[in-house]
Amino acid sequence: MFAQPNNANYDESKVPSYTLPDPLVAADGTRISTPEAWREKRRPELVRLFESQMYGAVPPNAPKDLKSELLERTAGALGGKAVRKQVKIAFGPGPVAPAMEILLYLPANAKGPAPVFLGYNFYGNHSIHADPGIHLSKSWMRDSPDFGVADHKATEASRGVRASRWPVELILSRGYGLAVIYYGDVDPDFDDGFKNGVHALTGKPGPEEWGSVATWAWGLSRAMDYLVEDPDVDAQRVAVMGHSRLGKTSLWAGAMDERFAMVVSNDSGCGGAALSRRAFGETVERINTSFPHWFADSFNQYNAKESSLPVDQHELIALIAPRPVYIASAEEDLWADPTGEFLSGVNAGPVYELLGRQGLGTEHRPPTESPIHHQIGHHVRRGGHDVTDYDWTQWMDFADERLRSPLVSQLDRILDLKGVGAPAISPDGKTIAYTRRGEVRLVGVDGSNDRALAKGSEPSWSPDGRSIGYFSGAEFGRQIWTTPVAGGAPSRVTSSTEYIDRFRWAPDSQRIAYIARPKPWAALTYLAQPDVEGTPTIVDSNNLPRNRLWLVELASHATKPLTPPDVSVGGYEQWFPDAFSFSPDGATIAFGKRPHAKAGSHLDSEVAVVSTADGKLKTVTDRPGMDAYPQYSPDGKRIAFISTERRNWVTVSHIYLLDPSTGQVEKLTADVDRKIGDYSWSHDGKKIYFILDDGVTQPVYELDVAARKTRALVQDGKVYSALSVATKGPGMAFLRQSPTEPGDLYFTEPGRFEPRQLTHVDRDVAEWPEIPTEVIRWKSYDGLEIEGIVHKPAGYEPGKRCPLLVIPHGGPHAVNANGYVSGEARLFAERGWAVFRPNFRGSGGYGEAFLRADIKNWGVGDYEDEMSGVDKLIADGLVDPDRLAIAGASYGGYMSSWTISQTDRFKAAVIGAAITDTQAFLRTLDVPDRFVDYLGEDPRNYARHSPLAYGDRMVTPTLVWHGELDIRVPLMQGRALYVTLQKYGVPSQFLIYRGEAHGVSQPAHVRDLLERKVDWLERWTLR
């Protein structure tokens, strides 16, 4: 639009050093670590800063409740390719009030509401196309003989002069609509003292009120007001785009108005996508000098003082998160600083990742015309300051992936389940603490007075019921905090430099005990010391990580260790729980004593007690296998604990009772043939309550301690979890779910088990498609009865055969519970698949004999269980035998890789974190004894159970994925499968997720993997 000054800096070596403000650090210095904290705290802070210091706020007298008028509609525009509409939106009453016109083209062949790109143009709607039906703009324009503008008015010579920037037919052919507005309708682009356009109605703005950029952004939102009402427009898929100063506008509009589903910035430069602190090309001072009307007057204070800005443009990009944003640049357009625009995308990435999306995915600027299409998109094209067909093609490709695809909105919905967790009932049984999205909340057992208490996790009541302890990882890292229940300021209890694993209140409510381990070991990888340049990482059986028990006084914060450094208090719990317990008088703590904290250490655990006064330690059991999870009885005379009874991984577990004075041990659950994990004493010590896997259900059980008898308190087929029992009266809290009910918080009194629902945090799931779910049973090859869960497609029509996705579980001791249909099971069922989750032999929840039926039987018996179930579904008429797929991870990945080595019936597979070369696996994982318990001591027998031993039989197109840091199933297992598939010419890809261990947990990775699963399985199975 204007010539660029000759004195601008285009030399990277002259870019000043700078430090960017962290978008995830709040104004008070606290670290933003949850999506809720971002939405409720940090995002509003940044909006206020950008409004007050840069763009300006919309004044209170801005026009509201505007009405639209359809001026013209032509069904056969552009030779029958389009429906053309022209709409007037007046900013005030009367025929001469300022107004803007929207030109809207929609694809003539659209089968429903169309997604739309919305943007401003520089020379009138008529300039974007030679279509004679477009109204000639009557608004003020900058004179341009080349563009047919004379005396600040458009002429017929203006028609189509900017068509090169608006490939209307190309846009329509891709299935998109296009809505354009002349930006001068809203505010003429010259320093007129704010007397024209909408400013004629509002008057001169205050120093922190809108400049023209914010005014233009306001106009885009008023256009959106119309688009949401137009039945021919898909209002959920409107992308706002802008070039140059209008790119600045589109970014601010997208940040302020979350109805825009996607935002595109093209060559927007300073005040747009480029980092201000780089002072490269266009600068703050240059903008404010040449265009004093663009920004708020308050922005002038940062002329040549960019480092003083409280924000920078990466935070503007972050305000658009988690919605997709595309930052486009041109290699010759140094005025707009392509590098600064790219770096804004890079530095907005942490916010996108916090919200479960992948940002740019790289910190290295890609070569010219090498586009990035993650949730933040980017390209640098050849040429200068312009809009080209290349740009539009990239934006539409990006929109195809991020905006138009139903998968995007489907994943948004499915992955946004709020859920509740960590219920903790008060000692008197009248109030329950629980967590929801990083927030500790309280609710009465009658469902009343549900309120937020603190930001944190893992709440625990003080025994006197006056305070809640919890973990918070804000400014000081993961530390223990307490907050008075009646109200008051939170108090930080610990200042540990170590990783605090868990904590318990002392009976006097004046002390807290916790276990911690050095931070280099917090992740419990092989690291035995911090990485130091020039030194190796030491792996030594004598220096594996250990948890120590500490005691802290709440009044003084005085802290002391209770256990020696050569003893571990519990460990890393994956398969078996562990805990520690104060005696009622607070004099001792019982715990599971282990040689180290690594996985597998539970089998060497004994119950021990330690004095809280002097740290004197005494081991009170000496038995084979795991003796752990001790809990003092309410009277302090007995200690309950859990035992596996032998040193073997493939076993159930039981509750035992120890008399510390005599050492006598009694088994309490001889009538239970399941693995028992967490449990709780009743307040009077007469009962013990626990939840266990029972087939596909998880009921609540009651153990009569005196009678040594157990009974199920409920057998309703639902899934119960996270049991919490009151310590000074009757009452228990837990979570409950079913195939149609997401997990919510419930309360009941054990004497009359009548659960009362206290939360309804995911009410909107009632509007989700129903997934018919059925538990089926069948006989396997040897007559063993097998059980599994089948999810039929949403909207299933009886008699119609469906594609089938088999999802084998991990373990192999894990079990599929019949809980709420979510995650990938829902994703595929909503997309028309039947989903089958079998509980083959070796699964938990069916007793020890069933569990041990997988010993020396991997890939043999469990494979036959799986396939006989598939054959049943085919025989029942549900499944199309020619459209079978399988997707599993961990042991489910082993089952998937074994399956494709034994049959060619599956059209596609996705295999993650999988054991594929059993012989190499047993020599490289972190817990080899676990798998020796399954496969025996002789490694020469392992090839029989190795999928790669049959690699020449594999023909199924397979997507392989693995975590980079996986020590449970080392990365080479996934690579070996991929190399084998490539060797035999099988279509395959290999994904390595950086920073992930055994599985994927980072929200962006979870989403990315689901997207790739859908693409791979549907491409090969449904084609």
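**Sheet S38 to S41.** I looked up the sheet in this predicted model and found four strands in the order S38-S39-S40-S41, open and antiparallel. Strands are DSSP runs of E with at least two residues, helices are runs of H or I with at least four, and both are numbered from the N terminus. Two strands count as paired if DSSP finds at least two bridges between them. Strand S38 (719-725) and strand S41 (752-757) are at the edges with a single partner strand each, so one side of each has no neighbour in the sheet. Neighbouring strands are turned by 30° against each other on average, direction ignored. I then checked S38 against S39 (residues 732-738): the two pair over five bridges, antiparallel. Val 725 has Met 732 in S39 as its bridge partner.

**Basis.** Residue numbers start from 1 along each chain as its sequence is written. Local features need pLDDT of at least 70 and side-chain atom pairs pLDDT 80 or more, while totals for chains, interfaces and linings use all residues; side-chain values use heavy atoms, without hydrogens and water.

**Helix H6.** I looked up burial (under 20% relative accessible area, 1.4 Å probe, protein chains only). In H6 (residues 212-227), 15 of the 16 residues are buried, so the rest of the structure largely encloses this helix.

**H1 and H7.** I noted that Arg 43, Val 47, Phe 50, Glu 51 and Tyr 55 in H1 meet Trp 252, Ala 255 and Met 256 in H7; contact means heavy atoms within 4.5 Å. I counted six nonpolar, no polar and two charged residues there, with Asp, Glu, Lys and Arg as charged, Ala, Val, Leu, Ile, Met, Phe, Trp, Tyr, Cys and Pro as nonpolar, and the others, Gly among them, as polar.

Methods. Axes fitted to C-alpha atoms, helices over the stretch in contact; angles between N-to-C directions. Buried < 20%, exposed > 50% of the residue type's maximum accessible area, 1.4 Å probe, protein only.
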